[in-house]
Amino acid sequence: KQWYQRGVAITAGGDIPLLYETKGLSKYFSSIIVVYCTEKQQAERLIDREEYTEEEASVRINSQMSLQEKKKLANHVIDNSGLFSDTEVQVRDLIPNLRSGIWPVRELVGASLVA
């Protein structure tokens with residue numbers, strides 16, 4: 001409530017793979033970044049990180065909105081299919097754009113929510 005009253009600008013982030021699928025959650029973000037890679041890489045990463053089978057990875061990927069659709073809805077897009085250094089450059093280039101788009105808390109949260 002104190003941040004709201006002072007008009008403090010905050011930056012917060014979230015790693016929300018199903019942001020668009022939640023129907024309505026995206027409206028609470030002033031800027032959305034979609035980080036993508038190829039479907040093959042998605043599957044490989046799920047198999048490595050979550051110990052999914054190929055079939056489980058495929059089911060998980062196919063149950064989500066396509067990355068093409070997510071990219072169309074995003075404010076910013078980062079290609080994470082190449083080298084880490086390539087992704088890092090994209091992130092560094094994006095940061096000044098994000099800073100210019102920071103909104104004061106009072107613009108993001110209605111007074112009835114913080115009263």
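Let's start with Lys70. This lysine is buried, with a relative accessible area of 6%. Keep in mind that we are looking at a predicted model.

So what does Lys70 pair with? Its partner is Glu21, and the two form a salt bridge. The closest N and O atoms are 3.6 Å apart. That falls inside the cut-off, because a salt bridge needs the nitrogen within 4 Å of the carboxyl oxygen. Now look at where the two residues sit. Lys70 belongs to helix H4, residues 67-73. Glu21 lies in the loop between helix H1 (2-6) and strand E1 (33-36). They are 49 residues apart, so this pair links distant parts of the chain. Glu21 is partly exposed, at 24% relative accessibility. Lys70, again, is buried.

How many salt bridges does the structure hold? The count is 3. Here are the other pairs.

Take Arg92 and Glu88. They form a salt bridge, with the closest N and O atoms 3.2 Å apart. Both are in helix H5, residues 84-100. They are 4 residues apart, which means about one helical turn separates them. Is Arg92 buried or exposed? Exposed, at 57% relative accessibility. Glu88 is partly exposed, with a relative accessible area of 33%.

Next, Glu50 and Arg49. Their side chains meet in a salt bridge at 3.1 Å, N to O. Arg49 is exposed, with a relative accessible area of 57%. Glu50 is partly exposed, at 39%.

That brings us to helix H2, which covers residues 39-50. It has 12 residues. From its first C-alpha to its last, H2 reaches 16 Å. That is close to the 16 Å expected at 1.5 Å a residue.

Which residues of H2 are buried? They are Gln41, Gln42, Ala43 and Leu46. And what covers them? The cover includes helix H3 (54-62) and helix H4. H4 is also the helix that holds Lys70.

Glu51 follows H2. Its phi is positive, near 60 degrees.

Glu21 is partly exposed, whereas Lys70 is buried.

Conventions:
Residues numbered from 1 in each chain as written. Predicted model: local features only at pLDDT ≥ 70, side-chain atom pairs only at ≥ 80, totals over all residues. Heavy atoms only, no water. Helix = DSSP H or I, 4+ residues; strand = E, 2+ residues; numbered from the N terminus. Buried < 20%, exposed > 50% of the residue type's maximum accessible area, 1.4 Å probe, protein only. Expected span 1.5 Å × (residues − 1). Contact = heavy atoms within 4.5 Å.
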